[in-house]
Amino acid sequence: MANNDMQKKLIAEGVDITVYALAVMGAITLSTPVVVISGCIGLLYGAFKTIGILKNDADNLTTQQEKAIKSAIKKVVRKYKSGNKKELLNYLNILISDELKAEKIGTGDSIDTILANIKASLKKINKNESYYYTEKDINEFTTDFKLSLYKKLSKNWRIAITKLLVDRDFVKKKIKEHDDLLKDHEKRIKGLEQAKPYEFSLHAVALPQKITKLIGRQKEKNDINTILKSSSVLIKGMGGIGKSELARAICAERTTNSEKSGWFNFEQSLNNTIMKIANPSQMKTPQGIEIQHRLVKEYLLSLGDDYTIVFDNIEKLEKDETELLRSLHCKLIITTRSQFDGLDNIFEPYPLEAMSESDCKELFEHYSGRKATADEEKDLDNLINLTGGHTLVIELLAKMTKPPTAYKTITALYAALQESKFDLSALVSANGDTESKEFRKHMLKLYDVSKITDGSQIHVLKNICILPSIPMPYEKLCGWLSDSNKYDASIKQLYEAGWLKCEDNTITMHNVISETLKMRFENEIKFSDCKALLKSLDKEIDKDTDDPERYKAEYMPFCVSTAEYFKGIENDDIMHLYSTMANIYRDISEYQKAIDYNNRSLEINIKLYGEEHENVGAVYNNIAGVYKDMGDYPKALDYYKLALSIKEKVLGKDHPDTASTYNNIALLYADMGEYQKALDYYKLALSIVEKVPGKDHPYTASTYNNIAMLYQDMGDSKKALYYLNLALSIREKVLGKDHPDTAATYNNIALLYADMGEYQKALDHYKLALSVREKVLGKDHPSTASTYNNIAGVYKDMGDYPKALEYYNMDKDISEKVLGKDHPSTATAYNNIALLYKAMGDYQIALDYYPKSLYILLTKLGPEHPNTKTGLNNMAICYEESGADMDKFEEWKAAALKKAEKEIKK
């Protein structure tokens, strides 16, 4: 009995100290864990007191302490009032059974009495505060608590409780552990920041391996080098006057002098141009493209003034592109034929005039391979005068006197020019226009003077002139024109004659020449002349490859140029090219272009095959998919049903293609929230695919997965789990455990288990998904970050806040690094961390993260977006619960909205 009395005394002292300490801490700090634990200890205190375990001194709690305990209990219950009953009960269970590490005390009857008192307390709270925890909820909680209490209670209540909850040394130890964890975390982040996911190289698209010596322009080169000491430079001039050659020579010279240089050929836009140095293997999705675009910009911004970068032949700039140029720290050389507003305060303009007569003569002799004889000197002077000092024209004319061309002497060539009345002398200047009728008229004469009569050469010129003036891989070009490469010799001859440029195994036609030839062949270029080219380009962007779809966009400028040239032609080849281009544009999220090219394909299909052909159904299906991606569900549904009516009529209701459309309609209805209609269409699709291609096919697994997700949305977890396991068994068997689709199924099962409250099973499956994604996609991939976020959510639901914070931070770090600090996904990461700190009762840190999240949401999504509204509401609740001045929140909100409005206008 003495031992029993001593045990009671120790227990009473421990509870007494704990209740007192936690009641005060809960009242003062409002820390959620402290509040919850103090509330739970209050319940235990009442239970122990009822069965006579506590000593009498424990009855002497002050009114203030009792009030604090009561307040703490109310707070924790109120926190989970809206729909999270199971979360509350699980949270209380963990805090009591896992944290109070003491051995079983008393008898089974004593424990049952404790549980009865806890039940009674919860019921009383439920009744008095109008909460709705059912009898079943409370019974489940107390039963679980009973089992865990038997396992977890320690021998000495005083030592266990005081050391765990109020002992300062223990708290200090925990703080030190947290600090150590934080230091390790910061170290890991620093390592991630220093690690480069891809080593960008400007020289991947930069200077040619062999730099042609700059002929003439020495004064201009010296002028520009002087400017570059203090500023970047904008070289303006008409097409073909020598801007690129001058910039290339300066770049090469700077590289030789131990500086670094890079070269970009402008393609469509500056943003598209700089993506040439991106990592294609990391651009498999529109999100991947966005990530790589940001990384490329950050790389360029990191370059110092020991770098010189050339952007050659810029045609236009958007506002954000101008701002990017303004922000770069390296030296820039821009060449352009266009006039840009707002660049003069970034670059020093340098108008490039016609070459001097002496430089022109040197250039002519370089390309002709010989000096003019005494008899030719005067004719050469006259010939140069006719060129107006236009460097591209001088090169062409010089090569016409080089064997085996028709003109053996400079005199003969000059005579031919006189006869044709060729004369550019009054048309060439820095502000000259190569698109003027007068200039083009004389360039057409130049083609006639060249006397190109070889049919193969003419065929090559007809094909290349309709392509954009950007470098084409030499071997690919030969293959595009003919499978047998029979035009290889003609391409080389045209290069030697000056009509083509060849550098680093690429072929380019100067835009001045291509525009001239398109005029020359205006009524002569037939579709049959370019059919092989068009089919080759279609195959180029449609073939299966490990490269992402966005990387195929490298060839899109060639496809666009060809398709636009033959826009009036209506045949299978053009139609198929339009469809392929539409698919690529959809993949890279350029939806309007995808719609436009699908409509072109649709128009041709209907004309060729009629309105009820399966090809027409396929195009309807494609258009529906684009509208779905755009979020225009009514239009998407209209087009899906058009596709379905054709497929059911032409292919039948049991055809796999018909099943595919059933599946698409089901997905759309699910997105629209019409679950029963979605289920009806899924079952139609499933009845087909289980027969063809069969129950063990990945496509069937996808259908099972879709049905499972639908049942989850409908709240039927049991059926959802059944179908997910069917999908998983197929994917593990057919695709393997390390396949991304298998990882997606692990993720979906985990999500379902989390919703069901089976947290350990959820964690097990999330970690299976994580191991695959880290291995296949890498630790810095957004999908990997998403899995970290999911794991954090489970730990939060389990009440393990330190673990939840660890994984939320991992998600945040990747989002900041890969997507950027102003991306909506990063805002979500900040919001999740804020919610966690709020749940922990650390309102100050929560209120540090909410603004970071909301500034992004306000700017990127706008104040009316649901995510923004939810974030503002969360922050307001945090202010209210922390006891902070709500007027300050309103002031912050007004200022934030005003700031976001300014950012959006920019």
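This report covers the fold, helix packing, salt bridges and backbone exceptions of one predicted protein model.

The model is predicted, so local features need pLDDT of at least 70 and side-chain atom pairs count only at pLDDT 80 or more, while totals for chains, interfaces and linings use all residues. Residues are numbered from 1 along each chain as its sequence is written, and side-chain values use heavy atoms, with hydrogens and water left out.

## Overall fold

The protein chain holds 41 helices and eight strands. Both are DSSP runs numbered from the N terminus: helices are H or I with at least four residues, strands E with at least two. Of its 906 residues, 50% count as buried. Buried means under 20% relative accessible area, exposed over 50%, and partly exposed in between (1.4 Å probe, protein chains only). Contact means heavy atoms within 4.5 Å. Among contacts with a separation of 6 or more, 68% are between residues 24 or more positions apart.

Helix H22 (residues 511-520) gives a local view of burial. Its buried residues are Asn-511, Val-512, Ile-513, Ser-514, Thr-516 and Leu-517. Their cover includes helix H16 (391-399), helix H18 (437-450) and helix H19 (455-465).

Two packed helices are described by the angle between their axes and the distance between the axes. Here the axes are lines fitted to C-alpha atoms, for helices over the stretch in contact, and angles run from 0 to 180 degrees between N-to-C directions.

H33 packs on helix H34 (residues 740-756) at about 160 degrees, with the axes 9 Å apart. That makes H33 roughly antiparallel to H34. Angles under 35 degrees count as roughly parallel, over 145 as roughly antiparallel, 65 to 115 as roughly perpendicular and the rest as oblique. The crossing of H33 and H34 is left-handed. The term applies if the near helix is turned anticlockwise from the far one by less than a right angle; clockwise is right-handed. On the H33 side, the contact residues include Leu-721, Leu-724 and Leu-728; on the H34 side, they include Ile-749, Leu-752 and Tyr-753. By class, the contact of H33 with H34 has 10 nonpolar, five polar and three charged residues. Ala, Val, Leu, Ile, Met, Phe, Trp, Tyr, Cys and Pro count as nonpolar, Asp, Glu, Lys and Arg as charged, and the others, Gly among them, as polar.

H32 also packs on H34, at about 20 degrees with the axes 11 Å apart. That makes H32 roughly parallel to H34. The crossing of H32 and H34 is left-handed. Asn-705, Met-709 and Gln-712 of H32 meet Asn-748, Leu-751, Leu-752 and Asp-755 of H34. The contact of H32 with H34 divides into three nonpolar, three polar and one charged residues.

## Salt bridges

Side chains of opposite charge can pair when their charged atoms come close. A salt bridge is a side-chain nitrogen of Lys or Arg within 4 Å of a carboxyl oxygen of Asp or Glu. By this rule the count is 37. Three of these bridges are listed here.

| Salt bridge | N to O distance |
|---|---|
| Glu-376 and Arg-370 | 3.0 Å |
| Glu-564 and Arg-600 | 2.9 Å |
| Lys-733 and Asp-696 | 3.3 Å |

Glu-376 is buried, at 4% relative accessible area.

Glu-564 bridges to Arg-600 at 2.9 Å. This pair links distant parts of the chain: Glu-564 in helix H25 (residues 556-565) and Arg-600 in helix H27 (residues 591-609), 36 residues apart. Glu-564 is partly exposed, at 32% relative accessibility.

Lys-733 bridges to Asp-696 at 3.3 Å. This pair also links distant parts of the chain, 37 residues apart: Lys-733 sits in helix H33 (residues 717-734), Asp-696 in the loop between helix H31 (675-694) and helix H32 (698-714). Lys-733 is exposed, at 62% relative accessibility. Asp-696 is partly exposed, at 46%.

Bridges with shared partners join Glu-245, Glu-395, Lys-399 and Lys-501 into one network.

## Backbone exceptions

Most residues other than glycine have a negative phi, and most peptide bonds are trans. Arg-217 has a positive phi, near 60 degrees. Arg-217 lies in the loop between helix H8 (168-194) and helix H9 (218-228). Arg-217 is buried, at 3% relative accessible area. Lys-421 has a positive phi too, near 65 degrees. Lys-421 lies in the loop between helix H17 (410-420) and H18. Lys-421 is exposed, at 64% relative accessibility.

Val-692 and Pro-693 are joined by a cis peptide bond, with omega about 10 degrees. Pro-693 is in helix H31.
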